[in-house]
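Please keep the sequence and the model in view while reading.

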Amino acid sequence: MAGTKTLLVLENFIGGKFLPCNSYLDSYDPSTGEVYCRVPDSGKEEVEAAVEAARAAFPGWSARSPQERSQVLHRLADLLEQSLEELAQAESKDQGKTITLARTMDIPRSVQNFRFFASSILHHTSECTQMDHMGCLHYTVRAPVGIAGLISPWNLPLYLLTWKIAPAIAAGNTVVAKPSELTSVTAWMMCKLLDKAGVPPGVVNIVFGTGPRVGEALVSHPEVPLISFTGSQPTAERITQLSAPHCKRLSLELGGKNPAIIFEDANLEECIPTTVRSSFANQGEICLCTSRIFVQKSIYSEFLKRFLEATRLWKVGIPSDPSASMGALISKAHLEKVRSYIKKARAEGAQILCGEGVDKLSLPPRNQGGYFMLPTVITDIKDESCCMKEEIFGPVTCVVPFDSEEEVIKRANSVKYGLAATVWSSNVGRVHRVAKKLQSGLVWTNCWLIRELNLPFGGMKSSGVGREGAKDSYEFFTEVKTITIKH
Ligand SMILES: NC(=O)C1=CN([C@@H]2O[C@H](COP(=O)(O)OP(=O)(O)OC[C@H]3O[C@@H](n4cnc5c(N)ncnc54)[C@H](O)[C@@H]3O)[C@@H](O)[C@H]2O)C=CC1
Ligand SMILES: N/C(=C\C=C\C(=O)O)C(=O)O
């Protein structure tokens, strides 16, 4: 193949060693559409080797004290931080996101994930109850479960992978992880730091490849008792089916169709820029992004005018452009899928007010084959439209009016997802009332994506099963036992 020699070639990381694979997949630079990297196309054999390495490492790692494991995680965080710029460049090239976002969000949060769990693992306590009339004392102990299977998506590659690896190993498990085949580079770069951080061989194993080959081999492996997955709902269904015969423990963090509810007393100075960001950050490729904006009728026209003005300033550019707000979408197939929703909306009679098919995107010649599109705003669309029901996972948002609080709650809840809502109002009573009634695992009021890693993160309904966070991840990655002492 032309140019093969210059391509970056990744290797699996198993038992503390980089190992080549028999076959490879092409990986594309989303900003040019060119192949720039080759990713191992691993299968059952590689998963078997990784599970074996994880099994061998488990007794030693799980026997270490939380303090010892915490120190290792802190060292890894420091090493990642020292490589921040290099990792940010790599994440941006591999995923298509802007270098600015990778530098200010993805890699700092990956560092924080290790620091956070290095600290939180030191602070868990167990439960104890007295039953004096029976002369009994009951208490719980927790132990790591064993080998954790971790499967992560392409939108926030290192950010979401480390959000799983950190709590799993902090609790004393060993892991076999499978990042998305579309964005494997930063996971591979992190493997180069593990030994220096003091992570023993076999504690973290990374097997690269596709979902149907590596993912399914991992999910079906009888020695992997728990799977933590972030990705799409259809894949979660498949994982649930495959793991059912083994009664595996599952954490499933899935998609959203997130509403923003904007009342007439909202502070539009803050609401508009935040809602542009919540709709289009990371090209709209975050499960928490807003894609249905409900605006109270009395301010609908004013909101729409100002929201459009602000959206037009959300610059699409090549990922290395520091002035760009948005880069390229992940793949050609994904770009086509996102565009197909806009076509459907148009065919249904909705209005496309800006973006795809309305405005012109200007790109340098080298990037003409990249997967770029403009942030797109749709109005005059029915709640029953697929654009208002399905996760598009791109820079597309719908704006619709509403009359009353009761009506908007019903409409916001009328989708199968329940992940993240935002509510904008200066009436404190109203924000509490509405937040409580929304079917949503997360509700941000007068803000978006302010994360408190201690508290439960995850969705209701088809947005997932389980929660992640300090206590939730600890409980997921440990097995609890109740002991009764008769005295
Ligand atoms: N967190 C989220 O909410 C995310 C949602 N999505 C949604 O999913 C759509 C499709 O994106 P995909 O990359 O195809 O998501 P996906 O769910 O297929 O991929 C996520 C991860 O699961 C793996 N995977 C795929 N099939 C698998 C299988 N049968 N068994 C085990 N692992 C498997 C993938 O290789 C990847 O590592 C997006 O358009 C978006 O709507 C995608 C990424 C993240
Ligand atoms: N799971 C996703 C985002 C999580 C963000 C966070 O933990 O802060 C996603 O986009 O898939």
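Helices (H or I, at least four residues) and strands (E, at least two) are DSSP runs, numbered from the N terminus. Ser291 has its place in strand β14 (residues 290–296). This is a predicted model, in which local features need pLDDT of at least 70 and side-chain atom pairs count only at pLDDT 80 or more, while totals for chains, interfaces and linings use all residues. Residues are numbered from 1 along each chain as its sequence is written, chains are lettered from A and ligands numbered from 1 in the order in which they are written, and side-chain values use heavy atoms, with hydrogens and water left out.

- Ser291 counts as buried at 11% relative accessibility (buried means under 20% relative accessible area, exposed over 50%, partly exposed in between, with a 1.4 Å probe and protein chains only).
- Leaving out residues up to four places away in sequence, Ser291 touches Lys257, Asn258, Val396, Thr397 and Cys398 (contact means heavy atoms within 4.5 Å).
- Glu253 belongs to strand β12 (residues 249–253), and the UniProt annotation "active site", from an unreviewed entry, covers Glu253 (UniProt positions are given in the numbering used here, feature names are shortened, and annotations may be inferred rather than shown by experiment).
- With a relative accessible area of 4%, Glu253 is buried; beyond four places in sequence, the residues that Glu253 touches include Cys287, Phe457 and Glu468.
- Asn367 lies in the loop between β15 (351–354) and β16 (376–379) and is buried, with a relative accessible area of 6%.
- Apart from neighbours within four places in sequence, Asn367 is in contact with Ser31, Thr32, Ile318 and Phe372.

**An open sheet**

- Three strands form an open sheet in the order β6-β7-β23, with antiparallel pairing (two strands pair if DSSP finds at least two bridges between them).
- β6 (128–131) and β23 (478–486) stand at the edges with a single partner strand each, so one side of each is left without a neighbour in the sheet.
- Four bridges join β6 to strand β7 (residues 136–144), and Gln130 stands opposite Leu137 in β7.
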